[in-house]
Every structure is written in structure tokens, then in C-alpha cells.
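Hi everyone, and thanks for coming. I'd like to walk you through a structure that may be new to you, so please have a look at the screen.

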Amino acid sequence: MSSAKYNRVVLKLSGEALAGSDGFGINPSVIKSIAEQVKDVADLGVEVTVVVGGGNIWRGKIGSEMGMDRTTADYMGMLATVMNSLALQDSLEQLGIETRVQTSIEMRQIAEPYIRRRAVRHLEKKRIVIFAAGTGNPYFSTDTTAALRAAEIEADVILMAKNNVDGVYNADPRKVESAVKYEELSYLDVIKEGLEVMDSTASSLCMDNDIPLIVFSITEPGNIKRAVMGENIGTTVRGKK
């Protein structure tokens, strides 16, 4: 077994992380870099699952604001996460890593339906499992999906990789020069102070199940491995501070 601090992890990637500086779509060099970083972690013997957002293709919230039915807009967002998941799967398999995509909405021609026991078995066989299509329900974010899947598969930690910040701040560091970065927080702090780490549903789920969260930058190569090895990067959010 490796000397990694965590044995089973959920890596949460925003859709925007796959777009890189393009801001939209999937940047081939970016997704290749992410796949290589995930491979480095898998090579340690760590069991890796991934939850990918869909904001680089479609955001249900934006569709709702345009006057679209919220449920329809959210389902479109779930389909966007499937596209991202398949792209990541392809990049990983090009590196020789066995990967399975499991979707909360059945589409058997392209992916497995989500079955908890099957997902755990894949992990035990050291396959990377990508959870797509959110929870399969409207009104829930992919942050909540990450929290839910982490609880279900008994993951040791959620690794939240960001493409625009390197941790949690008391204000937006891109707009406020004096913004202060937190090294450690509790989920209660996050909820009380309204910090934009993850939505309140996801935060509550993590807090109730005592699942730690590490927020860090994906733009610096090797950060996923550093987080798994227990290096002090980004911000750690715990159930109890």
C-alpha cells in the first residue's frame, strides 16, 4: 500500500476546470493534464472516484433565469456532466487506466447505471469510477452529488479542485486584494458565514457524515497528489474544527 494519507477519495472537478482559459467547452491540453494528475494518484494505490460538473457546457441556473422550466434546465445540466465524464474517461484510458462511468440517469449504451455495490467493486479492482448526471434529480448540484457519493462509498475525503482560486477566502480574492485565505474551517463556519465553498445542502451532508473537504487549485500540476499525500495545501474544511 502507498504512503498516501487517504485510501479512497472523491475528486470534485468543476466543468469550468475542463475549459481552462477558454471559458467554454473542453480544452484538450487541460483535460490531458488533469488525467495525468489523476493517474499519478491512482498509481499510488489510492481508490479514486470523480464527480465532474457541467458548467463549461450548460448551467441549469442560467437556463432557469432565462425563463426555462427549472427541471428541464437542470436535466440539461446533468447531460452536460455526462459529456464531460466521457471526455475524462477517454483521456484516462489513453493513459492506460481502467475507468468506468456510472450515471444517475440510465443511458446503458454509453455508461453503467449507478449502483453503489458495483462502484465499490470497481474501486477494489483499482478502476477509476466517474459519477455522472448528478444525483439524477433536479434542484441538486454536483457538489451535493460529491457529498452524497462520498457518504455512500465511505470515502475518506472530498478533494475539491478549483481553477480560479487556491482555497477558501473570506472574500473573492479576484476582487478584494485584502481577502484572507483560511487554512482550516468547520462546515458550521462555512454555512454561518455564507462562504461559497459548496452549496448548503452539500455542506450539511458533509457535516452530518463527518466527511473532510480539501479545497485547492487544479492549475498547479501535482496538487491532487499533494492533497492525497496529506500536504498542507489549500483549505481544509472539517465537521468539527
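Let me begin with a term: by contact I mean heavy atoms within 4.5 Å. Two words on the background. This is a predicted model, where local features need pLDDT of at least 70 and side-chain atom pairs count only at pLDDT 80 or more, while totals for chains, interfaces and linings use all residues. Residues are numbered from 1 along each chain as its sequence is written, and side-chain values use heavy atoms, with hydrogens and water left out.

When I say helix or strand, I mean DSSP runs numbered from the N terminus: helices are H or I with at least four residues, strands are E with at least two. Buried means under 20% relative accessible area, exposed means over 50%, and partly exposed is in between, using a 1.4 Å probe and protein chains only.

Let's start with helix 5, residues 116-124. Which of its residues are buried? They are Ala119, Val120, His122 and Leu123. These cover an arc of only 155° around the axis, which puts them on the same side of helix 5. The arc, by the way, is that of the directions from the helix axis to the C-beta atoms. What covers the buried residues of helix 5? The cover includes strand 1, strand 2, strand 3 (99-103), strand 4 (112-113), strand 5 and helix 6.

Now on to helix 2, residues 28-42. The expected span of a helix is 1.5 Å times one less than its number of residues. For the 15 residues of helix 2 that gives 21 Å, and the end C-alpha atoms are 21 Å apart, which agrees. Its buried residues are Val30, Ile31, Ile34, Ala35, Gln37, Val38, Val41 and Ala42. Looking down the axis, they fall within an arc of 160°, so they line one face of helix 2. On the other side, Pro28 and Ser29 are exposed. The buried residues of helix 2 pack against several elements, among them strand 1 (8-13), strand 2 (47-52) and helix 9 (223-229).

With 5% relative accessibility, Gln37 counts as buried. Setting aside neighbours within four places in sequence, Gln37 is in contact with Ile218, Glu220, Pro221, Gly222, Asn223 and Ile224.

Next, how do helices pack together? Axes here are lines fitted to C-alpha atoms, for helices over the stretch in contact, and angles run from 0 to 180 degrees between N-to-C directions. Angles under 35 degrees count as roughly parallel, over 145 as roughly antiparallel, 65 to 115 as roughly perpendicular, and the rest as oblique.

Helix 2 and helix 4 pack at an angle of about 60°, with their axes 9 Å apart. The two are therefore oblique to each other. In this pairing, Ile31, Ile34, Ala35 and Val38 of helix 2 meet Ala87, Leu88, Ser91 and Leu92 of helix 4.

Also in helix 4 is Asn84. Is Asn84 buried or exposed? It is buried, at 0% relative accessibility. Asn84 and Val52 are 32 residues apart in sequence, yet their C-alpha atoms are 6.8 Å apart in space.

For another pairing, take helix 6 (residues 142-153) and helix 8 (residues 200-208), whose axes come within 8 Å and cross at roughly 15°. That makes helix 6 roughly parallel to helix 8. The contact is made by Asp143, Thr144, Ala147 and Leu148 of helix 6 and Thr201, Ala202, Leu205 and Cys206 of helix 8.

Finally, two loop residues. Ala133 has a positive phi of about 70° although it is not a glycine, and sits in the loop between strand 5 and helix 6. Glu154 also is not a glycine, and has a positive phi of about 60°; its loop runs between helix 6 and strand 6 (157-162). Ala133 is buried, with a relative accessible area of 0%, whereas Glu154 counts as exposed at 58% relative accessibility.
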